[in-house]
Structures are given as C-alpha cells and as structure tokens.
Amino acid sequence: MNICIFAGARPNFMKVAPVIRAIQARNALHPSDDSLTVGFHLVYAGCEDDPSLESSLFDDLQIDRPNVFLGVDCENLNELTGQVMSKFERFLQQHPVDAVIVVDDLASTMAAAIVTKKQGILLAHLAAGTRSFDINMPKEINRLVIDGLSDILFTAGISNNSIANKEGAEQSKIYMVGNILIDNIRYNQSRWVRPTVLQDESPYLVFTLNRKALIADRDNLHKMLVAILQHANGIPIIAPLRKTAVDAIMSLALREQLGEMHHFHIVPPLNYLEFGWLTSHAMGIITDSGNVAEEATFNGVPCITLNSYTEHIETVKQGSNVLVGEDAGKLAAAIKDMVTGNWKPCGIPDRWDGRSAERILQILLERR
C-alpha cells in the first residue's frame, strides 16, 4: 500500500507524525516483505524555506522533512486553493497512491481533498467531524467540504461522531480513533526539554496568541490583556509569541497604563520539546489554540481558551478547558479561579491513550 500524507501548515505535522512513526514501526517488522510494508509520501503545501518550519521541528517529532514541497505561498485563500489544486493534481498524476490522508480544516486541506476525489483516490480525513456551526467562518466551509468528500472520517471523540452522523455520513465511514495529538505527548513526555527562559522553580502561567481575528481587534485585545495582567496576582506569565502578536501587543501602550509589566515575559517561539515542557509544567494556560487546550486536558493543567467554541468539546466537558470567548470580564473571572486553585475537576477523555495512529493505519490497511 502507498499512502500520501498531506500537511497544509506547521500544526498539521504534529498530527501526522504519529502516523508516520506507526508506518515506520510496521515496516521495521517486515523489512523484506513488500506485500506487508507501507510506502508513503509526506507532501507539504508550502515552501521548503518556510520560516515556521524551524530546523528542529522534524528532529523533535522524529520524522523526516517532507519529501515533496508544493511551494505555494500566498495570503489570498482562493488563490491559495487554486494553486494547491493545480500542483497537488500534478503530484498525484506523477506519483500513484492508494490513499490520501488530509488533516484539519485549512484551505489547502480542502484543495487537496477535492483533487484526491477527482482523481478517484481513497480520501481519509484526520480530525473529522469538527464544527463551529458558524458558516461565516472560512474554515467551517472547508470542514463541510472535506468531510462531505471523505471516504473515511477519523474522529477524536463521541461528539465528532455525532456531528458526522447528523450530517448524513454513513456509519461505515466513521471511525473514532481518538486524539492523535495525544500520541505525540505520550511518545515525547520523556524527551521534554526545560526551556532556558525559566529562571527558577516558581509557578508560572503560559499565554499564547495566534488567531488573526483576536489580534486584529486591538481595542478588545487591550481589554483582555489588561484582565490578564491585573488578575494574575503577580504570577509570572511566559508568552512565546510570533512577531505579529508581539507587534500587536507592543502597539497597545500597556506599559504606560500598567507599569513595566514586570511579570509579563514575551519570549521567542519555543521548539516543540521545549513548549511541551513549558505547558505541561505550568500552573495554568491562557490560549487561543485548540491544540494547546487539548494538550492541557491530557496534562491536567487548567486552561482558558479565548474562543467561544472548541472543535473538541470533551476538553470542556471532561477536561481542564474553559471557554471565555473574547469577553474580558469572563477572562478575568477565570484567571481568578486559576490562580487561586479554584478549578473544576477534570479527567482524560476516551481513547486519548496514545494509540490513535495504530488504529488509523490498521483501518487503512483493512480498507485497501
């Protein structure tokens, strides 16, 4: 069997890495039997010199760099979709495969899904059945298209199964394999690296900011940062941020209003193993990332998500995650609970056992 694994952006590599490692483990057991080995291509929509793909990422995940870069680099989503479709179609015509795995809900992912089905190739969607139920969001359209086209829907939890069922997906297409991100955490826990930005053993909070809409609304971002700074009780806040977020925060004149922000420490983005250590040992996390919230649930770390919805409601119902939307008042109340230890009981959702990739590979082999 020959599989194409498609990654549209940096976060996708965290979800495909366990699948690649599962393939390699299987092949190591059958080194001389071509009928039992699985071939694969790792295809990346972006460019080989993409600055978001730091040199340590693939070493940290213990996978090789993509063997194919489509080289698409543009901001306009419609233009991006067209370029990915054109270049990915050419790749599939030159490299016959039995199945394509796509991940999450990016425009590039949707483009790859459309091309795959037009070529008559088995399409599997990893992290399927996620919805915001806001059709005005471009990613929601992507999710609907990808799930609608997919032959196999790999879901992380019961809620995602329910969504796929309600939208008419045949039960035979849906497989609850668990949360693939947890495979990485379980695999790498013993490899976490303590970041040098931590000076001592004092408790600390972690803050991440990536969502374009949240960064763009400077007035509300100002209110939310004030809530964080005023209610953290002086506990150090470690903020690994990319340039766009740093520029937005520095434009808000918070230093003049709240002193020197002596406990708010902006640091450069950390590599995967350092960030894993930082978040797993934190007193609490404030983030706009669903992936970070999922990892916090597994680690049992209190987490505040700056969004009104989550693709994985298990992180709220069973896990350590609380949604506050973009409401500074709700954020302030949640931070008070976080720093005083007044957090809800939490547990680990079903099938977050680190074996999702094994299930995925077995299902693909059975469907070939």
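**Figure 1. Helix α15 and the residue that follows it.** Just after helix α15, G341 adopts a positive phi of about 80 degrees. Helices here are DSSP runs of H or I with at least four residues, numbered from the N terminus, and strands are E runs of at least two. The model is predicted: local features need pLDDT of at least 70, side-chain atom pairs count only at pLDDT 80 or more, and totals for chains, interfaces and linings use all residues. Residues are numbered from 1 along each chain as its sequence is written, and side-chain values use heavy atoms, with hydrogens and water left out.

**Figure 2. The covered face of α15.** The buried residues (under 20% relative accessible area, with a 1.4 Å probe and protein chains only) of α15 are A328, L331, A332, A334, I335, M338 and V339. Among the elements that cover them are β8 (205-207), α9 (218-231), β11 (284-287) and β12 (303-305).

Figure 3. Helix α4 (residues 107-118) is mostly covered, with 10 of its 12 residues buried. The buried residues include A107, M110, I114 and T116. Their cover includes strands β1 (2-7), β4 (99-103) and β5 (122-126), together with helices α1, α3 (77-94) and α5 (138-149). After α4 comes G120, whose phi is positive, near 70 degrees.

**Figure 4. Two nonpolar cores.** A nonpolar core is a set of buried Ala, Val, Leu, Ile, Met, Phe, Trp, Tyr and Cys residues joined through side-chain atoms within 4.5 Å. The largest has 60 residues, and those with the most contacts inside it are I3, I5, F13, V19, F154 and L364. Helix α1 (residues 10-29) supplies the largest share of this core, eight residues. A second, separate core of 33 residues includes L209, M224, L225 and A334. In soluble globular proteins, nonpolar side chains tend to be buried together.

Figure 5. Contact means heavy atoms within 4.5 Å. Not counting residues up to four places away in sequence, L364 touches M1, I3, I101, L122, A124, I152 and F154. T297 lies in helix α13 (residues 290-299). This threonine counts as buried because its relative accessibility is 1%. Leaving aside neighbours within four places in sequence, the contacts of T297 include T315, N321, I348 and W352.

Note on methods
Buried means under 20% relative accessible area, exposed over 50%, partly exposed in between (1.4 Å probe, protein chains only).
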